[in-house]
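Trainee: I would like to learn how to read a protein model step by step. Could you take me through some features, giving the general idea and then the case at hand?

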Amino acid sequence: MNIRSKIILLTLLLGIIVYLSTAAVSYYLSIASVNEEKEKQLAGIQEQAARNIAAVFEQVEKLALILSENGDLLQEVARKGGDVLEEARRIEKIESSLFRMNPIITPIIDTIQLSERNGAVYVSANPYFLTTEDWQAINFYRIPQLTKALVGRNEAWLPPLDFSNISQNRMSGSKLSDLEIVYKDRFVYVKQISDDIVVSVMINYRKMQALIASDSIFNYELIPVTDEEAAAGEDGMSRFGLRVAASSHDAFAEQIKRQNRQMLIAAIVLLSIIVLLAARSFTARLMRPIAKIRRQIEDVKKLDSVAGILNYKAGRIRPLSFRVKIFVFLAVVYVAGASVLFVINYSYASRLIQYNLEKYYGEYVYQSGNWIEAMLRSSEQVLNTIVSDNKLQQYFTSAANYEEMHNEFKKSFSYHHVLSKNINYINLYDSRGELLFSTVNSFLNEGPIQTRNVYPALQQTSGETIYFNENRDPFGDHVIVAAKKIYDLGSTPRIIGYYMFAVNERELELFNNSFGLNSLDFLIADADGTTVYSKKKELIGKQWPGYWSLAAAGQAVTRQTVDGREAVVMHEMMNKTNWTIVSMIDPAETFRGAKDVLLVNGYALLIILLLLMTIIYFMAKRIAQPIQELNRHIRVVIDNKFKKTTVPVFAEKDEIGELAAHIRAMIQKIQDQMNHIYDVEVRHREIQLEYKKVELSRLLEQISPHFLYNTLETIRWMSMEMTNGENKVTKIIRALSVYLRSGVHAGTRSVTVKEELDHVQAYLYIQQVRLGGKLKVKWVIDEQLQHVTMERFVLQPIVENALMHGIEGKESQAYLLIRTKTEAGELIIDVFDNGVGIEPARLQEIHEQMKKDKGGGSVGLRNISRRLALLYGEQASLSISSEPGRWTRVRLAIPLDIAAPKG
């Protein structure tokens, strides 16, 4: 198999492996991030549902507390009737009191049961149609599973009883079927309210579950927990003996995942085809230089003379190494493909997270609205039950003792006022609208119902309850008013009165939870678009500008501009009140989880890229190893001047092995030719070289300076024509011309500062070319000093001295700074270098030598010092300062008021 086929096959196989592993890792990381975000959302929903259920259960506990504090009721239970009729009246009175309390937390409470140790049982309702004997048979004290729960405590929450482990002989005379009817699928709250009396409240599990899961896209389950789990629980529900579990199986989310997998498979197939085509094209270009070299070697082998070999012009081959080309190609192909797969996964994961987030907050709004309606409906049912009582209806239709009426109303409504802490007050009115009773005694609240804002809307109803947003009631509070007409239950229905209760806006404060979203905002608007509740208190009672556009949109989730900013708006209609709950979040917040996906995928991509780079490096090295080995042997042959060395025979039978064989034959032929003519050629070149030297010497003696300048300029222009502009050769020729021109005009003693600097600049340019990038020069020139005259050839020896003694031996980057300035009426020229510096003893010695006329070292500096002294006297100076190992500065100071002589 040739090398091209090897590269194509390896590239394709590795590409498929890389793409499959990248797609799998990215997909599962993305799905894991989506599921993690979804778990957070489900936890939020569970928290909301648990909070709502806990509120109901806490009301149940308060109900039992009220019963334990109801002295009249307990006294009536303790009293025993004299005859059958009196006993029946006593039982009816007790159960009527319980019945009045039962609707408070409907529809989830089936019944309230009072059990006496002596076997008597009183119930608020009998939805199971059990006889008195049946109820007495399931008295609390006759059920071991219940009595055991109160050992060592006076109250307990019990999960639904497991009847599979209860046998008939353990029931103390109770029938198992009756027990199942009352207790199956019911949470039970039991409380010891006296030494011989226990209250039991049965909460219907199915009704409670339906209350939180009705018409929801989420599934909710109330799961009983053991005492150990309840003790370890931290969610606020464990003490009630249960926990809330929310789940969601969304077909649309599964569809997105399926589309993601399908897109990844299609992308992998497409990328594999692209890799195959790219590998074929790349290897074709990669092998062209090898084929070209092979043809050139064949041409060289056909030549019979050294001259022909030397004059053979080989085609130019790009110097980029074989291994680098392979590495770059594989890196680009694999990294690009992996990035495409990551982008696909990220786009689908972001879409899924955004969908889940909108669904979650839509569910939160839906559940909140349902719960508010349930609380309002519960209060409404209580009032309906109370005002339907025959005895109470008589107070609306006939004159009665005011004190008796007031006490009866007080008994009826005091329970609900305690349990519903957010109800400010309850008012009852007669058919004329005059106030009969209020739970708040205040002259502010004594006006007829006609004076209340809700009355016009109440008049339009036919017996249904209406809800009204009252921005300011008689007490100055913002309340939600519920009102209804009370009809006579007789054969001819007629209006006998009105009831009204005011709910404090705190009932809506469950919307204050932002669930970690800074931009989350809630409000409730009534049917006219007036804000009933908002986290922004200044909006309450005002028209919300986005209401009508929201109503026109009709969709549950829309994108709208609210208060000048883009927002994702979710809304839900409250059927009972015809109000709308609106939730608004910043669109960027819907991608909150997508940032985590991006971060996780970014780290995964980085790790995969590092692994890829390592694999590609060794793969490219392995493919290029024969070429590198061949290159190494060729270098050895060249270094040994083609003497006694050659290229070994390669085991590979591909293009590299064939190329090595051709090179081996070519080297052998070159060696044969070299051995044949070596002596003659060497002697001939030596003679020619000596002849050329003599001839050149004679010609140079005849060349005039102007001819030399013209010749250099001609060469420079010819070079520029060849390259269509300036190049290094033209620049160095120009620098040499400037340098030589200054030397030819040596008869001129004074020059301007600019001319002296041009001479030095030309010299330094030549030196920079010679030294490569090792030397960098910085010029800090005062333009106002350019035309000042000075002595000729003063600066160049200083610069040359800095290069020879300061920079030549330096291995690191060398810097030279030349600066001109004025200071105290003097022209100052500084030459700085970062060379090896001068030791203090040597610096002192140099200063001493500059003062002598003859002898010693530092000839150049001594000559400059003497010339300055002859021209300017003691007013000019040459000074040197240095820090060993770091820098040296040579300063030339010439007075500006003395013009240098010219000529």
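**Salt bridges, sheet and core**

Mentor: Let us begin with a pair of charged side chains: D196 forms a salt bridge with R117, and their closest N and O atoms are 3.0 Å apart. A salt bridge here is a side-chain nitrogen of Lys or Arg within 4 Å of a carboxyl oxygen of Asp or Glu. This is a predicted model, in which local features need pLDDT of at least 70 and side-chain atom pairs count only at pLDDT 80 or more, while totals for chains, interfaces and linings use all residues. Residues are numbered from 1 along each chain as its sequence is written, and side-chain values use heavy atoms, with hydrogens and water left out.

Trainee: How should I read a salt bridge within a helix?

Mentor: Side chains of opposite charge can pair when their charged atoms come close. In this structure E87 forms a salt bridge with R90, with the closest N and O atoms 2.5 Å apart, and both residues lie in helix 3 (residues 84-101), 3 residues apart, which is about one turn of the helix. R90 is buried, with a relative accessible area of 2%.

Trainee: In what order do the 5 strands of the open sheet lie?

Mentor: Strands of a sheet pair through backbone hydrogen bonds, either parallel or antiparallel. Here the order is 2-1-5-4-3 and the pairing is antiparallel, where two strands pair if DSSP finds at least two bridges between them. Strand 2 (121-123) and strand 3 (155-158) are the edge strands, each pairing on one side only. Strand 1 (residues 109-116) and strand 5 (residues 197-204) pair over 7 bridges, and Q113 stands opposite S200 in strand 5.

Trainee: Which strands does helix 1 touch as it packs on the sheet?

Mentor: Helix 1 touches strand 1, strand 3, strand 4 (186-194) and strand 5, and its direction makes about 25 degrees with that of strand 4. Contact means heavy atoms within 4.5 Å, while axes are lines fitted to C-alpha atoms, for helices over the stretch in contact, and angles run from 0 to 180 degrees between N-to-C directions.

Trainee: How many residues does the largest nonpolar core have?

Mentor: In soluble globular proteins, nonpolar side chains tend to be buried together. A nonpolar core is a set of buried Ala, Val, Leu, Ile, Met, Phe, Trp, Tyr and Cys residues joined through side-chain atoms within 4.5 Å. The largest one here has 50 residues, and those with the most contacts inside it are F57, L114, I203 and L222. Helix 1 (residues 3-69) gives the largest share of this core, 12 residues. A second, separate core of 42 residues includes Y27, L341, L612 and I616.

Methods. Buried means under 20% relative accessible area, exposed over 50%, partly exposed in between (1.4 Å probe, protein chains only). Helices (H or I, at least four residues) and strands (E, at least two) are DSSP runs, numbered from the N terminus.
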